[in-house]
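Here is a structure to look over. A few questions and answers will follow it.

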Amino acid sequence: MGRHVMKPIKFLAGALAIAALTVSTAFAQAWPSKPIRLIVPSAAGSAPDILSRLVASELNKRLGQSVIVENKPGAGGSLGSDWVAKSAPDGYTLVMGNIGSHAMNVSVYPKLPYDPVKDFEPVAMVAVTPSLMTVSAALPVHSLKEFLDYARQHGEQVTFASGGNGSSSHLAGEYLNLLTGLKMRHVPYKDVPQALGDVAAQRVSMMISNLPPAMSLVRAGKLRPLAVTTRNRSRILPDVPTMIESGVDLEQTVWFALFAPAHTPQDIVARLNREVGEILADPAFRDKISPTGAEPTPMTVAELKAFVIAEVAKWSKVARESGARAE
């Protein structure tokens with residue numbers, strides 16, 4: 001008798017699985033049927049905000065629905081990211097994550113309310129941009145090697161600025177300390193422009209910052225660029241060598257990628273990845289983001305997931321060995 005009972009149960013389980021798959025597929029096919037919210041976990045006018053608005057504008061045309069950009073800054077990108085992590089996984093809420101919110105924060109914020117890997121579906125890499133190491137134009141160093149020699153001669157008198165404890169510029173400076181054996185003292189600031197201004201005025205020895213905010217002082221001749229942190233040189237500063245070219249195996253890619261809440265239907269994730277990939281391949285889009293120093297960087301969903309996991313591991317090690325914390 002038990003054998004006869006099991007057959008209907010197996011049939012029912014199979015029918016339910018097929019029904020669930022059918023509902024999921026039908027839902028994905030109907031998507032999007034209303035506006036999509038794209039959360040930027042930083043302030044208006046920031047690099048992720050600019051990129052988000054450019055991507056949203058293109059997605060509007062392709063999806064036939066409005067993609068509404070909303071800024072939810074705070075706690076190094078954690079507030080907006082957590083809001084998305086706790087949103088419904090229906091494809092109508094996305095976040096423009098970055099190296100801070102989805103790679104570094106998990107190691108520098110002791111009580112981060114989300115897991116950057118488990119609580120999100122990776123959707124699409126959008127762009128990467130180098131960080132730039134700069135010193136005051138009045139400092140008598142003209143290369144990374146000369147700076148390292150200078151720093152070793154002057155010991156703990158040498159300092160590095162950052163945009164705040166636990167920020168990407170903080171961890172980049174600590175990473176340089178770890179790789180070279182330097183003991184530069186960290187000087188945190190409330191914002192990057194103020195920090196760069198003090199580097200230019202020689203109140204602080206150097207800073208590794210996002211490229212765009214440093215460019216005005218570089219062009220004005222007040223900051224001297226020594227190296228970029230990406231594997232390849234920047235199109236904006238083609239004469240500035242990379243850290244690796246300069247003899248230090250430091251690579252820091254400032255990146256921006258779209259994420260959805262965990263368990264968002266894979267059909268929706270796949271479509272968004274495809275649409276964003278086609279946007280990034282458009283030369284007109286590349287021209288639009290060129291002034292920010294960003295490079296369109298398409299990835300598959302699987303590639304982005306592997307990339308984020310590797311980034312979390314890399315910066316966790318730097319935070320652990322340097323003792324860097326956001327508090």
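Predicted model: local features only at pLDDT ≥ 70, side-chain atom pairs only at ≥ 80, totals over all residues.

Me: How many helices and strands are in the chain?
Reply: Helices (H or I, at least four residues) and strands (E, at least two) are DSSP runs, numbered from the N terminus. The C-alpha trace spans about 85 × 45 × 30 Å along its principal axes. The chain holds eleven helices and ten strands.

Me: Which domains does the assignment give, and what distance separates their centres?
Reply: Domain bounds come from an automatic or database domain assignment. Domain 1 covers 36-128 + 254-322, and domain 2 covers 130-246. Taken over C-alpha atoms, their centres are separated by 26 Å.

Me: What area is buried between domain 1 and domain 2?
Reply: Buried area is the accessible area (1.4 Å probe) that two parts lose on being put together, summed over both. Carbon and sulfur atoms give 66% of it. In domain 1, M104, V254 and V318 lose the most area to domain 2, together 30% of what that side buries. The area buried between the two domains is about 1400 Å².

Me: Which side chains meet in a salt bridge?
Reply: A salt bridge is a side-chain nitrogen of Lys or Arg within 4 Å of a carboxyl oxygen of Asp or Glu. The rule finds one across the interface of domain 1 and domain 2. At 2.3 Å, N to O, a salt bridge joins the side chains of R235 and E295.

Me: Which element gives the largest share of the side of domain 1 that touches domain 2?
Reply: Helix 4 (99-108) and helix 11 (301-322) are the elements that give two or more residues to that side. Five residues make the largest share, and they come from helix 11.

Me: What percentage of the chain counts as buried?
Reply: Buried means under 20% relative accessible area, exposed over 50%, and partly exposed in between (1.4 Å probe, protein chains only). The chain has 327 residues, and the buried share is 50%.

Me: Why is helix 3 largely enclosed, and what do its buried residues pack against?
Reply: Six of the eight residues of helix 3 (residues 78-85) are buried, so the rest of the structure largely encloses it. Those buried residues are S78, G80, S81, D82, V84 and A85. They pack against strand 1 (36-40), strand 3 (93-98), helix 4, strand 4 (120-136) and strand 9 (253-261).

Me: Is F160 buried or exposed?
Reply: F160 is found in strand 5 (residues 159-162). Contact means heavy atoms within 4.5 Å. Not counting residues up to four places away in sequence, F160 touches several residues, including S169, H170, M184 and V204. Because its relative accessibility is 1%, F160 counts as buried.

Me: Which residues does T180 touch, not counting those up to four places away in sequence?
Reply: T180 is found in helix 6 (residues 168-180). T180 is buried, with a relative accessible area of 16%. With that exclusion, the residues T180 touches are L148, R152 and V248.

Notes:
Residues numbered from 1 in each chain as written. Heavy atoms only, no water.
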